[in-house]
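User: Hi, could you go through this model with me? I have a few quick questions.
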Amino acid sequence: MAAEKNGDVVPHSLSAKVVGSFAYLTVRDRLPTILTKVVDTIHRNKNKFFEEYGEEGIQAEKQAISLLSKLRNELQTDKPILALTDGLEDADPWNRYLQRQQGQHGDQDVVSWFKSPWLYVECYMYRRIQEALWLNPPISGYDVFNEGKTQSFFESQQAIMALCTYFEAFKKKMEDIAENHLQEYFNKLLQVSLWGNKCDLSISAGVDNSQKSSPIDSLVALQMFILVDDSDAVWSALISARRQTQSGKRRSTRVDFVLDNAGFELVTDLVLADFLVSSGLAREVRFHGKSFPWFVSDVTAEDFLWTIRQTMAANHRWTSQRGVQWQQYMKEGTWSYHDHPFWTQPNEFCDMAADAPELYATLQAADLVLFKGDLNYRKLAGDRDWDHTVGFDTALRGFGPAPLCSLRTLKANIQVGLQPGQGSKLSSQEPDWMTCGKYGVIQFYGPTSDQQE
Ligand code: F6P
Ligand code: MG
């Protein structure tokens with residue numbers, strides 16, 4: 001079915017069909033590969049499970065693999081999506097979501113792997129991986145993606161050192177920096193955080209995982225690939241919030257990061273957060289991560305704390321100094337890490353106020369919320385086949401707990417807020433511009449600067 005591109009919201013029941021051909025390809029080709037890797041990882045760690053838990057560990061490994069193999073078969077043969085049975089706290093909302101999908105499909109069409117929205121089945125696969133582990137103590141807490149995440153961190157050491165050295169130079173000059181000059185530093189670190197999402201493992205086009213050149217030096221060459229750049233509006237939101245705090249209208253200025261990937265990307269986020277606090281633009285930063293391993297490289301609480309510890313332990317003065325500072329921020333409560341089951345559900349963010357009202361209320365207390373990465377963008381804009389010129393505010397469909405900004409490199413077939421003609425020009429020059437990870441957006445939603453005061 002052809003997508004309607006007249007600016008109307010594509011009805012939810014249609015959205016599965018709109019992204020159907022892409023979903024078909026992705027589910028058929030990509031997800032089984034991830035599942036196979038997960039099975040291999042668990043199998044390779046058999047001896048470790050035996051050493052830690054004896055025979056019970058081996059039994060758990062076998063059972064988990066058998067559940068995952070069954071899952072792979074369901075996926076490859078387009079079986080119906082099954083309700084979750086592990087009794088975890090989020091099982092009910094997941095099962096309710098499935099019922100909602102079934103309601104939309106009608107009796108004749110089952111909710112199956114190839115006939116459901118891509119966003120839903122992708123999220124569902126990661127939740128079922130968690131189920132396979134959760135049902136098998138003593139290995140229920142094992143992170144099947146941990147090896148890749150730690151490897152990506154170590155492979156990016158050169159880039160991390162370069163970034164921390166840049167930050168040190170900024171700190172030395174900080175007292176004497178005029179506001180317009182401070183904005184230049186801000187723009188650079190915002191862009192580093194954007195490109196940190198370029199591929200899950202490094203800022204360099206994804207060809208080589210290890211990042212050897214300075215991420216700061218790459219920025220000029222990457223500028224032309226930013227399709228929407230609302231950095232000035234983001235800056236204005238921060239300045240306005242700081243003014244309100246200084247005048248006593250607000251208790252504190254708070255920036256929230258809805259995190260995406262561990263490894264180099266997380267370090268770029270921590271450096272940006274450090275900049276916001278060090279420069280007085282924010283007094284508090286809240287990080288939101290995932291409560292279980294998700295989309296291969298997303299940050300969990302363990303990854304977050306591990307990254308700070310590893311940064312502290314770095315054999316490089318300016319890097320370890322950043323780690324020590326980050327640990328200090330955590331201790332004194334300037335920084336805090338939070339997870340909420342909503343982040344690992346398939347819901348679009350416009351559902352948040354109704355489905356996770358306490359999380360929505362938490363975000364409402366922020367002065368700025370930074371949403372990192374592609375999956376968060378898909379959830380912000382509902383993973384629909386929007387016309388590219390539709391406004392970001394329209395695509396959010398009422399979601400807007402606070403001024404917000406998406407820092408996202410494009411890896412999925414959705415993009416809004418472009419200039420007329422911009423999308424078609426890109427499509428004619430580079431058919432895969434929306435999925436190749438080469439382009440990025442810094443897209444803001446919130447009051448404009450004259451509304452902010
Ligand atoms: O492109 C594949 C994919 O799994 C998308 O479904 C998802 O949006 C993206 O990768 C994850 O990217 P990110 O880590 O930027 O959210
Ligand atoms: Mg991710």
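User: How do the residues lining the second largest pocket divide into nonpolar, polar and charged?
Analyst: Bearing in mind that this is a predicted model, the lining of the second largest pocket divides into nine nonpolar, 11 polar and nine charged residues.

User: And what volume does that pocket have, and which residues lie nearest its centre?
Analyst: The volume of the second largest pocket is about 510 Å³, and of the 29 residues that line it, S291, F292, P293, T300 and E302 lie nearest its centre.

User: Which helix gives the most to the lining?
Analyst: That is α14, which contributes six residues; at least two lining residues each come from α7 (118–134), α8 (146–155) and α14 (301–312).

User: Where does the second largest pocket lie relative to domain 1 and domain 2?
Analyst: It lies between them, because domain 1 (13–134) and domain 2 (146–452) both give residues to its lining.

User: Switching to the metal: what coordinates the magnesium ion (ligand 2)?
Analyst: The magnesium ion (ligand 2) is coordinated by D260 through OD, N261 through OD1 and D298 through OD, at 2.1 to 2.3 Å, and along the chain these donors follow the spacing D-N-x36-D.

User: Are D260 and N261 buried or exposed?
Analyst: Both D260 and N261 are buried.

User: Last topic: how many disulfides does a search of the whole structure find?
Analyst: The search finds zero disulfides across the whole structure.

User: What about C164 and C405, buried or exposed, and why?
Analyst: C164 counts as buried because its relative accessibility is 0%, and C405 is likewise buried, with a relative accessible area of 0%, where the cut-off for buried is under 20%.

Notes: Residues are numbered from 1 along each chain as its sequence is written. Chains are lettered from A and ligands numbered from 1 in the order in which they are written. This is a predicted model: local features need pLDDT of at least 70, side-chain atom pairs count only at pLDDT 80 or more; totals for chains, interfaces and linings use all residues. Side-chain values use heavy atoms; hydrogens and water are left out. Donors are N, O and S atoms within 2.8 Å of the metal (3.2 Å for Na, K and Ca); water is not among the atoms, so sites may look incomplete. Buried means under 20% relative accessible area, exposed over 50%, partly exposed in between (1.4 Å probe, protein chains only). A disulfide is a pair of cysteine sulfur atoms within 2.5 Å. On a 1 Å grid over the protein atoms alone, a cavity is a set of points where a 1.4 Å probe fits but cannot get out, and a pocket is an open set with protein on both sides within 12 Å along at least five of seven lines; lining residues have an atom within 4 Å of a point. Grid points are joined across faces, edges and corners, and a volume is the space filled by probe spheres set on the points. Helices (H or I, at least four residues) and strands (E, at least two) are DSSP runs, numbered from the N terminus. Ala, Val, Leu, Ile, Met, Phe, Trp, Tyr, Cys and Pro count as nonpolar, Asp, Glu, Lys and Arg as charged, and the others, Gly among them, as polar. Domain bounds come from an automatic or database domain assignment.
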